[in-house]
Amino acid sequence: MIIVINGKTSNAHVEKVIQRLHEMGHEVDISRGERRIVLGVIGDVKNLTSVPFYAFDGVEEVIRVEKPYKLASKEFKSSTTTIKIKNVAIGGKEVVIMAGPCVVENEKQIFETAQKVKAAGAKILRGGAFKPRTSPYSFQGLEEEGLKLLAQAGAETGLLVVTEVMSANQIELVGKYTDIFQVGARNMQNFVLLKELGKVNKPVLLKRGMSATIEELLLSAEYILSEGNKKVILCERGIRTFENYTRNTLDLSAIPAIKELSHLPVIVDPSHATGRWRLVSPMAKAAIAAGADGLIIEVHPNPEVSFSDGAQSLNFKHFEDLILEVKQIAQAVGRSVD
Ligand code: PEP
Ligand code: MN
């Protein structure tokens with residue numbers, strides 16, 4: 001960390017800053033110029049996050065050289081993380097496809113979808129049982145009944161399952177049925193939930209909040225990692241911008257940016273990113289071309305009657321076509337789908 005102090009500041013005031021740094025356990029490298037005094041703070045500066053340096057007389061600028069997150073960073077771990085769950089590896093050479101309905105509606109819907117997405121090449125079945133709906137009057141999910149159906153459909157087809165957990169007190173219940181906990185965009189900064197998920201021994205799919213920066217996403221991942229759970233998968237699912245033709249704006253550049261900053265795998269959700277099924281396949285291909293480790297895609301037997309997110313859901317035929325196209329892109333960038 002570098003602290004720049006105005007050169008006209010009295011020695012007593014400069015000393016106050018230095019003293020505070022010493023008190024916090026840091027050595028300080030001081031360079032005195034005519035116009036400014038520059039303090040270089042050596043060592044791990046995590047404990048300085050809450051020190052209000054701008055409140056000290058003469059302090060003009062505080063520059064953080066270090067990233068505010070550690071365990072999620074490339075500096076901490078330079079090799080990419082591969083998360084293995086049974087026979088599936090996320091973050092390796094293979095691009096992993098997760099697919100299924102927005103919400104589990106009934107036995108027929110989830111079993112039929114599981115069979116079709118499996119046949120097309122998906123490895124993980126998605127489906128919400130607890131749904132974070134914008135309106136309290138929208139369908140909220142089948143809860144435990146939905147979890148059971150999802151787990152049964154996964155077991156029957158040999159697919160792993162991923163489903164959303166909305167609060168810390170649901171972890172035990174959801175954990176009985178799921179292979180991967182999904183944290184939704186609206187809960188990316190539910191720190192109580194993140195800390196509790198840091199104590200479980202199952203992977204967490206952490207979706208980017210709709211107005212969260214990349215740094216905030218990585219800090220949320222840090223909450224989980226710092227409690228001991230090293231299995232975090234990041235998910236770019238579009239952010240809110242002024243554009244309203246699409247439901248969100250898919251931040252494709254977040255994929256290579258996160259890959260530069262972090263060792264964690266990154267997957268992309270082109271369904272929630274666009275809100276329009278016709279745009280899902282082009283954005284899925286773009287995501288793989290940009291380096292994503294996988295996709296999570298909403299698929300429904302008949303999107304027209306879907307309880308939730310029908311406009312962005314693919315039918316089986318469209319999903320099969322998407323997989324074929326994604327396979328070609330994956331190959332072109334040195335990856336594979338199967
Ligand atoms: C979902 O995956 O169904 C979902 C609600 O996604 P998000 O949290 O990204 O909005
Ligand atoms: Mn949805």
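Predicted model: local features only at pLDDT ≥ 70, side-chain atom pairs only at ≥ 80, totals over all residues.
Val-204 and Leu-206 point one way from strand β11 (residues 204-207), while Leu-205 and Lys-207 point the other way, and all are buried. Buried here means under 20% relative accessible area, with exposed over 50% and partly exposed in between (1.4 Å probe, protein chains only).

Residues are numbered from 1 along each chain as its sequence is written, chains are lettered from A and ligands numbered from 1 in the order in which they are written, and side-chain values use heavy atoms, leaving out hydrogens and water.

**The whole protein**

The protein has 10 helices and 14 strands. These are DSSP runs numbered from the N terminus: helices are H or I with at least four residues, strands E with at least two. Along its principal axes, the C-alpha trace spans about 75 × 45 × 40 Å. Of the 338 residues, 51% count as buried.

**Around strand β11**

| Strand pair | Sense | Bridges |
|---|---|---|
| β10 (residues 180-183) and β11 | parallel | 3 bridges |
| β11 and β12 (residues 232-236) | parallel | 4 bridges |

Val-183 stands opposite Leu-206 in β11, and Val-204 has Val-232 in β12 as its bridge partner.

**The nonpolar cores**

In soluble globular proteins, nonpolar side chains tend to be buried together. A nonpolar core is a set of buried Ala, Val, Leu, Ile, Met, Phe, Trp, Tyr and Cys residues joined through side-chain atoms within 4.5 Å. Which residues touch the most other members of the largest one? Among its 67 residues, they are Leu-206 and Phe-319. Leaving aside neighbours within four places in sequence, Phe-319 is in contact (heavy atoms within 4.5 Å) with residues including Ile-97, Val-117, Ile-297 and Leu-314. A second, separate core of 17 residues includes Val-17, Val-41, Val-51 and Phe-56.

**The manganese site**

The protein donors of the manganese ion (ligand 2) are Cys-102 (SG), His-272 (NE2), Glu-298 (OE) and Asp-309 (OD), lying 2.0 to 2.4 Å from it. Donors are N, O and S atoms within 2.8 Å of the metal (3.2 Å for Na, K and Ca); water is not among the atoms, so sites may look incomplete. His-272 lies in helix α8 (residues 270-274) and Glu-298 in strand β14 (residues 294-298), so the pair ties together parts that are 26 residues apart in sequence.

Glu-298 is buried, with a relative accessible area of 1%. Its side chain joins that of His-272 through a polar contact of 3.1 Å, and that of Arg-126 through one of 3.4 Å. A polar contact is a pair of N or O atoms within 3.5 Å; within protein, one must be able to donate a hydrogen and the other to accept it, and residues adjacent in sequence count only if both atoms are side-chain atoms.

Key
Pairing = 2+ DSSP bridges.
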